[in-house]
Amino acid sequence: MVISTTISDSSEHLHATFASRYVRDPLPKFKMPERSIPKEAAFQIISDELMLDGNPRLNLASFVTTWMEEECDKLIMASVNKNYVDMDEYPVTTELQNRCVNMIAHLFNAPVGENETAIGVGTVGSSEAIMLAGLAFKRKWQQKRKSEGKPYDKPNIVTGANVQVCWEKFARYFEVELKEVKLREGYYVMDPVKAVEMVDENTICVAAILGSTLTGEFEDVKLLNELLTKKNTETGWGTPIHVDAASGGFIAPFLHPDLEWDFRLPLVKSINVSGHKYGLVYAGVGWVVWRTKDDLPEELIFHINYLGSDQPTFTLNFSKGSSQIIAQYYQFIRLGFEGYKNIMTNCMDNANVLKQGLVETGRFEIVSKDIGVPLVAFSLKDTSNYTVFDISNNLRRYGWIIPAYTMPPDAEHIAVLRVVVREDFSRSLAERLLSDIEKVMREMDAVQSRATTRATHVIATVDETREGEGEGSEKLNKKTVMENREEIAMYWKRVVDRKKTSGVC
Ligand SMILES: *Cc1c(COP(=O)(O)O)cnc(C)c1O
């Protein structure tokens, strides 16, 4: 969390076992200590506390890369002290970023001529990339409205209700109304027909997602482009499309090269992708690429001069690390198209092994699709005894971090578990996970049947003792049974309600 929620209690202190050979006094937790401590002690104290964090490799909740090659780790460590924004001091790093932008633009079929350079920028992640793309659309729309002498104070953006939280952030921070197309049971992405119906003269863009965060499904950008082109011809609004390819941008080009979702579609003006998801770099890098120079309003660009040449920049932050950019370049040249294709194929195969195993238990409904991001989202067919939230909680005991969540409106009554398959999730881990899911369910089945037996027993005992108590006892007993059932139902409802508030990343 950015905002600290730890309750500050100045009397709380940190005691470290091993570090006691270096320090004797406990450290205050919430105030800066008065005195310095030896470096070994600081290292030991922090390492000890961090042991209780989850194991990133077993964190199946996240798309973000948790493993890279040693050679790349070395490059990262060698560049952690480079501030990316010092472009005159580190011109090579800037050059590597520009190469990455061009590689991505070509991968997404941007209409870049032989001697032209692509328009794009490295960001902290897709969230920053989306803020920048959104700002460009807002500014373009405002310019157009101003030139037409029309009001430009009520911009809106059309998305599916399945959008990632960063779109809601963009909308709130930059004062754009978010118009969400509702989902429905069995259809968990933006319906292009409904999206285009929602478009009006104040719509700055329609945002489609390549790889819905909730189910990994690709939205039908081609159909959206078709329908929107028709509407644009009728209305003259010229509403553009942005593709949020945070997770799918490094999947589709390798696994489904014929799928048209990118700059091959004329209305797609910008695309973002997370370098730290299937771009295979540790957390801290994203990319946004524009179709042409004209799609990024000049007034948003700041110019820095270095070594006599002009360095345009368009970012929200000023300083940031260089390591992630260098690591991205490493992955591109190390793996090449072939390497990325092999890794993504492997991820998909492992996701399929997991999916098949889950289907075979007969207990789950698979919600994710065959064409999409390598993840498995699944719901429990029978939720009368326990829910996906209980499975998620119980799997924690075996070290697995697998989120459970409810779908957005109007499919809130569907709750799913989601396993993201990354490069470092091996086939044997998939098999292990399957057997742990089955184990957890067997345990819960057993607890449930014991509880039912006990409940029946208690009710029977109550019945016996009340026998011969005279009139009215039968009525009393019935109420007890009813109350019992109601209480159990209420308990589950509370569990589910409590879980609904926690989202998914
Ligand atoms: C992960 C994700 C984001 C946010 O990306 P970050 O790189 O984590 O900032 C946005 N949209 C979608 C569809 C995502 O999956």
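Predicted model: local features only at pLDDT ≥ 70, side-chain atom pairs only at ≥ 80, totals over all residues.
Buried residues account for 37% of the 505 residues in the chain, and of the contacts between residues at least 6 apart in sequence, 68% join residues at least 24 apart.

- Just after α9, G362 takes a positive phi of about 75 degrees.
- The largest nonpolar core holds 116 residues, among which V206 and V289 touch the most other members, and the largest share of this core, 12 residues, is supplied by α9, which covers residues 323-361.
- In soluble globular proteins, nonpolar side chains tend to be buried together.
- Once its neighbours within four places in sequence are left aside, V206 is in contact with V158, A195, V199, L224, L228, T239 and I241.

**Surroundings of the ligand**
- There are 14 residues around the ligand, and those that come nearest are G125, S126, S127, Q164 and A246.
- Sorted by class, the shell around the ligand consists of nine polar residues, four nonpolar residues and one charged residue.

**Backbone geometry in the loops**
- Most residues other than glycine have a negative phi, and most peptide bonds are trans.
- The peptide bond from P409 to D410 is cis, with omega near -5 degrees, and D410 is placed in the loop between β14 (404-406) and β15 (415-420).
- E175, although it is not a glycine, has a positive phi of about 50 degrees; the residue lies in the loop between α5 (165-173) and β5 (177-181).
- E175 counts as exposed because 11 other C-beta atoms lie within 10 Å, and a residue is exposed if that number is 12 or fewer.
- L280, another residue other than glycine, has a positive phi near 70 degrees and is found in the loop between β8 (268-274) and β9 (286-290).
- L280 counts as buried because it has 26 C-beta neighbours inside 10 Å, and the cut-off for a buried residue is 20 or more.

**Residues brought together from separate parts of the sequence**
- V124 lies in the loop between β3 (119-123) and α4 (126-147), and its C-alpha atom is 4.5 Å from that of V285, although the two residues are 161 residues apart in sequence.
- Not counting residues up to four places away in sequence, V124 touches G284, G286, N317 and K320.
- V124 is partly exposed because its 19 other C-beta atoms within 10 Å fall between the limits of 12 or fewer for exposed and 20 or more for buried.
- I437 is part of helix α11, residues 427-466, and is 43 residues from N394 in sequence, with a C-alpha to C-alpha distance of 8.9 Å.
- I437 counts as buried, with 25 C-beta neighbours inside 10 Å, and its contacts, leaving aside neighbours within four places in sequence, are with I391 and L395.

Note on methods: Residues numbered from 1 in each chain as written. Contact = placed C-beta atoms within 7 Å. Near = placed C-beta within 6 Å. Nonpolar A, V, L, I, M, F, W, Y, C, P; charged D, E, K, R; others polar. Core = buried A, V, L, I, M, F, W, Y, C linked by C-beta atoms within 7 Å. Helix = DSSP H or I, 4+ residues; strand = E, 2+ residues; numbered from the N terminus.
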